[in-house]
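Thanks for coming, everyone. I'd like to walk you through one model today. Please have a look at the sequence and structure first.

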Amino acid sequence: MSNSVIGSKKKRMTKKTLIYLILIGGSLIILSPVWWMIATSLKTPQEIAQYPPSFWPDSFRFSNYLETWQTAPFTRWTLNTLLISALSTIGSVLANAFIAYGFAVIKFKGRNLLFGIVMATMLIPGFVTLVPQYIIFAKIGWVNTYLPLIVPSFLGSAFFIFLIRQFMRTIPKDMVEAAKMDGANHFQIWWQIILPQIKPALITVAIFSFNGSWNDLLGPLLYLNDENLYTLQIGLQTFKGTVSTQWNYLMAMSTTVLLPIILLFFYFQRYFIEGSNLTGGQKF
Amino acid sequence: MSGIKEHNVAISTTQRKSVHKSKSSDWTVRKPKMSKLSLKENIWGYIFIAPWIIGFLGLTLGPLLFSLVTSFTDYNVTSQMNFTGFDNYKRMFTVDPLFWTSLYNTVYFVVFSVPLTTAGAVIVAMLLNQKMKGIKVFRTIYYLPAVLSGVAVYFLWMQLLSPSTGLVNTVLAWFGIDGPAWLFEPEWTKPALVMMKMWSVGGGMLLYLAVMQGVPKAMYEAAELDGAGSIRKFFHITLPMITPIIFFDMVTSTIGAFQIFQEAYVMTDSGEGGPSNSLLFYNLHMWNNAFEIFNMGYASAMAWVLFIIVMILTFLHFKFSKKWVYYESGDHK
């Protein structure tokens with residue numbers, strides 16, 4: 001009896017050690033590209049060209065960052081990106097919370113059918129509507145403006161509507177009923193009662209939207225022609241044309257572009273995870 | 001929500017005989033007034049979902065129909081639309097060899113990346129679903145690549161995959177393997193992209209982890225009493241419980257993988273398609289037609305073919321899901 005207990009304990013210990021080893025190995029695989037990017041960004045062109053490549057830069061050439069920043073209008077592009085990301089994040093949070101309230105709280109004719117359509121739109125590949133969307137935006141003179149990159153955020157997106165709706169449904173209905181008894185209309189209930197309670201979901205949506213906007217290449221590539229209007233993504237893509245294979249510069253800029261996202265991730269980790277938990281328990 | 005209506009009905013029927021005139025109580029609302037209430041609710045409902053309706057009509061349904069019409073024309077933005085019947089479709093299937101190349105490349109990518117990333121995500125989630133010290137740190141690390149995307153990451157991978165001085169081949173050399181030239185060798189370009197996708201399996205991992213943590217402990221304890229080991233517990237408890245998520249993941253990631261574009265666009269010098277067009281994916285070909293040579297009619301036809309392919313695949317996913325997806329509430333399998 002006691003022997004088998006010790007045996008199973010031993011077994012559990014070896015199992016744990018094994019899992020730790022696998023996890024550490026995996027972490028190295030995952031983190032090494034990130035380190036490689038940082039290391040390359042600090043090397044001299046000579047060191048990058050040498051074989052075999054070094055894992056630790058001989059000298060930390062921080063000037064790569066400054067030189068990169070000065071070769072192209074990166075300050076301008078950063079401000080552009082911030083503006084677009086901020087506006088579409090605000091739009092996304094407000095619109096999706098607004099729409100989700102309609103689907104989660106109000107009972108109206110055709111609600112289930114329409115929500116079915118919302119879910120079904122997730123199955124439509126975005127590229128199918130890309131060309132006609134471009135033609136429409138071109139016809140109304142929105143090409144080479146930020147409008148095609150921002151306005152759609154104010155019209156909701158299926159995934160976020162679904163995510164916020166899930167969250168809203170966990171709020172006790174009595175609260176809504178009580179507010180109605182007190183004569184509040186739906187707009188007031190939405191703003192004063194529901195929104196403060198779904199803050200975690202709103203933050204999740206905000207992070208995902210910001211991240212999506214920040215990393216979007218397709219939209220700017222399609223709609224922005226003027227270099228002064230460029231975002232970081234398309235700017236970075238153009239930048240490659242000028243520096244071609246000077247990897248120290250390319251990696252310095254890549255690190256700079258990714259840094260805000262990495263910081264955002266570490267700061268708001270919990271919300272990234274929350275977003276997945278909310279949708280995870282669902283049956284499709 | 002429905003509570004209030006039922007309440008109304010109940011009260012109004014019991015009080016039907018006595019005409020109640022008290023204004024103080026809302027509970028006396030009679031039928032005509034009730035429908036007014038639900039009319040009001042209907043209006044409120046549509047006010048709230050109005051942004052979505054506008055977006056759906058203007059950015060999804062409208063464009064969808066518009067591109068259907070365009071696909072039967074020779075539209076190129078500047079000229080008039082001339083109706084050309086099925087010409088675009090005929091050209092796609094019979095004349096344009098790059099159409100088949102791009103479809104092949106895309107299917108290749110989907111076939112390898114979807115099962116591999118799904119299986120990878122499940123395995124990683126299994127490993128991370130442990131009660132151990134520091135497990136949260138590991139979860140953070142594994143999830144990190146999922147938030148990193150865009151041009152910077154593609155540049156990073158171009159550097160990692162650099163034939164002589166890249167990290168990947170450097171590590172392979174430690175094991176005596178002479179790594180391929182990856183993005184410069186037609187047979188290795190797509191595996192390289194699959195590998196890049198594998199790096200971010202952590203994104204899917206979170207979904208599985210969330211569900212695994214929701215599996216009642218009692219189920220595992222019962223299985224342990226019956227002498228089930230880790231492997232049997234996985235196949236008989238964990239796996240069935242996560243099949244709905246595997247299904248969800250497969251459907252969405254198939255659709256996603258079919259739309260691979262940015263990676264190929266950036267990694268092949270603005271959409272040239274890579275060596276021997278080995279990275280000319282469907283959407284890249286569509287993009288080149290639409291925005292490089294402004295053949296909008298042809299691109300729209302391609303868009304619709306893509307739409308139909310994806311719809312068929314999704315339909316098949318749903319059809320076969322009954323065979324393997326396990327739903328707790330329903331009858332088994």
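Let's start with confidence. Which helix of chain A has the lowest mean pLDDT among the elements of that chain, and which has the highest? The lowest is helix H14 of chain A, residues 247-280, with a mean of 83. The highest is helix H7 of chain A, residues 147-150, with 97. Keep in mind that this is a predicted model. Chain A as a whole has a mean pLDDT of 89. In that chain, 94% of residues reach 70 or more.

There is one stretch to flag. Residues 280-284 of chain A stay under 50 in pLDDT. The model has 14 contacts for that stretch beyond four places in sequence. Where pLDDT is low, predicted coordinates should not be read in detail.

Now the layout of chain A. The domain assignment gives domain 1 as residues 2-41 and domain 2 as residues 66-280. Their C-alpha centres lie 36 Å apart. How many residues of domain 1 of chain A are in contact with domain 2 of chain A? Four, and they meet six residues of domain 2 of chain A. On the domain 1 side, two of the residues are nonpolar, two are polar and none is charged.

UniProt, in an unreviewed entry, lists several transmembrane regions for chain A, including residues 113-137 and 189-210. Take residues 113-137 of chain A. That span is 68% helix and 0% strand, with its end C-alpha atoms 29 Å apart. Then residues 189-210 of chain A. Here the figures are 95% helix and 0% strand, and the end C-alpha atoms are 27 Å apart.

One backbone detail in chain A. Asn144(A) is not a glycine, yet its phi is positive, about 65 degrees. It sits in the loop between helix H6 (130-139) and H7 of chain A. Is Asn144(A) buried or partly exposed? Partly exposed, because it has 14 C-beta neighbours inside 10 Å.

On to chain B. What is its secondary structure? It has 14 helices and zero strands. Of its 333 residues, 41% are buried. Take the contacts in chain B between residues at least 6 apart in sequence: 65% of them join residues at least 24 apart.

The unreviewed UniProt entry annotates residues 103-317 of chain B as "domain: ABC transmembrane type-1". That span is 75% helix and 0% strand. Its end C-alpha atoms lie 20 Å apart.

Now a helix pair in chain B. Helix H4, residues 97-128, and helix H13, residues 282-292, have axes that come within 7 Å. They cross at roughly 145 degrees. H4(B) brings Leu98(B), Phe99(B), Ser102(B), Leu103(B) and Thr106(B) to the contact. H13(B) brings Tyr282(B), Leu284(B) and His285(B). By class, that is five nonpolar residues, three polar and no charged.

The loop between helix H12 (262-267) and H13 of chain B holds Ser276(B). Its phi is near 50 degrees, a positive value in a residue other than glycine. Ser276(B) counts as exposed, because it has 12 C-beta neighbours inside 10 Å.

Helix H7 of chain B, residues 167-174, has buried residues: Leu167(B), Val168(B) and Asn169(B). Just after H7(B) comes Gly176(B), with a positive phi of about 75 degrees.

One more residue in chain B. Met212(B) is in helix H9, residues 202-214. What does Met212(B) contact, leaving aside its neighbours within four places in sequence? Ala125(B), Asn129(B), Thr238(B) and Ile242(B). With 19 C-beta neighbours inside 10 Å, Met212(B) counts as partly exposed. The cut-off for buried is 20 or more. Met250(B) is 38 residues from Met212(B) in sequence, and the two are 17 Å apart in space, C-alpha to C-alpha.

Last, where the two chains meet. How many residues does the contact take from each chain? It takes 75 from chain B and 77 from chain A. On the chain B side, helix H2 of chain B, residues 31-70, gives the largest share, 19 residues. By class, that side has 53 nonpolar residues, 21 polar and one charged.

That's the tour. Over to you.

Technical notes. Residues numbered from 1 in each chain as written. Chains lettered and ligands numbered in written order. Predicted model: local features only at pLDDT ≥ 70, side-chain atom pairs only at ≥ 80, totals over all residues. UniProt positions renumbered as here; feature names shortened; annotations may be inferred. Helix = DSSP H or I, 4+ residues; strand = E, 2+ residues; numbered from the N terminus. pLDDT = per-residue confidence, 0-100. Contact = placed C-beta atoms within 7 Å. Nonpolar A, V, L, I, M, F, W, Y, C, P; charged D, E, K, R; others polar. Domains from an automatic or database assignment. Axes fitted to C-alpha atoms, helices over the stretch in contact; angles between N-to-C directions.
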